[in-house]
Amino acid sequence: MTEAEKMKIAEIRAKYKYYKVADLAVKLTLQGVVDDDINYIMQGGEEIAVKPYDKSQAWLSGAMDRLAELIPTDQAVTFRQGCACCLTGNRDTLARKICRENPTVEARFEALSKERRIISGNAWKENDDYFITFWYAKPTTGYTCACLKHIPDKPMNKLWCECCAGHIKHHFETALGVKATCTCITSVVASCGEDACLFKLNIL
């Protein structure tokens, strides 16, 4: 990254109060989205802080809708998967260890499915499809989203969940030593807490 790019990113981050809003603006910029589209997607973002949660979450939901409006679905999904975080550190080390210590793809997947530090839900295979759920149900409040404080009262665009799809795809590929696609099937935020986040992965 050039010094000019670093300065540009610093300027963007300084513009926003809430880091999730700033992260979105940075990713849009780094992926080369034109300024007019960025300004449309990010409208009102400068005024958004973490609290009140209902206001910040409503803004994030609206931003996903504006993103979907401007960018074709496949490109929007690719962009959001590129927003994935927590790709390095302990999770990456564990995924590499799984790949190194297990001789076959199936053995690696079995080991991955048991590694709760990477997979916090369940993992299984049906034919050529691999499935991973994210997060557990809470007895009284339904399913939870690790990236939002509260589950929205109104369904949120599943594009929000594609960053988690990118996270899962990355560690799945690393652990199994493959390239794969990842599709978000159901979503906590799209179902207002009724459904777990379910992702389907297919090895290329």
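Tutor: A residue is called buried under 20% relative accessible area, exposed over 50%, and partly exposed in between (1.4 Å probe, protein chains only). This is a predicted model, where local features need pLDDT of at least 70 and side-chain atom pairs count only at pLDDT 80 or more, while totals for chains, interfaces and linings use all residues. Residues are numbered from 1 along each chain as its sequence is written, and side-chain values use heavy atoms, with hydrogens and water left out.

Student: What makes Lys 114 exposed?

Tutor: Lys 114 has a relative accessible area of 60%. The cut-off is over 50%, so Lys 114 counts as exposed.

Student: How do you know that Lys 114 forms a salt bridge with Glu 110?

Tutor: The closest N and O atoms of the two are 3.3 Å apart. A salt bridge needs a side-chain nitrogen of Lys or Arg within 4 Å of a carboxyl oxygen of Asp or Glu, so this pair qualifies. The whole structure holds nine salt bridges.

Student: What does the salt bridge of Arg 13 and Asp 23 tie together?

Tutor: Their side chains meet at 2.7 Å, N to O. Arg 13 sits in helix H1 (residues 3–15) and Asp 23 in helix H2, so the bridge ties together parts ten residues apart in sequence. A helix here is a DSSP run (H or I) of at least four residues, a strand one (E) of at least two, and both are numbered from the N terminus. Arg 13, at 39% relative accessibility, is partly exposed, and Asp 23, at 29%, is partly exposed as well.

Student: Is Glu 173 buried or exposed?

Tutor: Glu 173 is buried, because its 12% is under 20%. Its salt bridge partner is Lys 169, with the closest N and O atoms 3.1 Å apart. Lys 169 is partly exposed at 22%.

Student: What does Cys 86 touch?

Tutor: Contact means heavy atoms within 4.5 Å. By that test, leaving out residues up to four places away in sequence, Cys 86 touches Arg 91, His 167 and His 171. Cys 86 lies in the loop between helix H5 (73–81) and helix H6 (90–101). In H5 itself, Ala 76, Phe 79, Arg 80 and Gln 81 are buried, and their cover includes helix H2 (19–30), helix H4 (53–70), H8 and S5.

Student: What makes strand S1 (123–126) and strand S5 (180–186) edge strands?

Tutor: The open sheet has four strands in the order S1-S2-S6-S5, with antiparallel pairing. S1 and S5 each pair on one side only.

Student: How do you know that strand S2 (residues 129–134) pairs with strand S6 (residues 197–203)?

Tutor: Five bridges join S2 to S6. Pairing needs DSSP to find at least two bridges, so S2 and S6 are paired. Within them, Tyr 130 stands opposite Leu 201 in S6. H8 packs on this sheet, touching S2, S5 and S6.

Conventions: Axes are lines fitted to C-alpha atoms, for helices over the stretch in contact, and angles run from 0 to 180 degrees between N-to-C directions.
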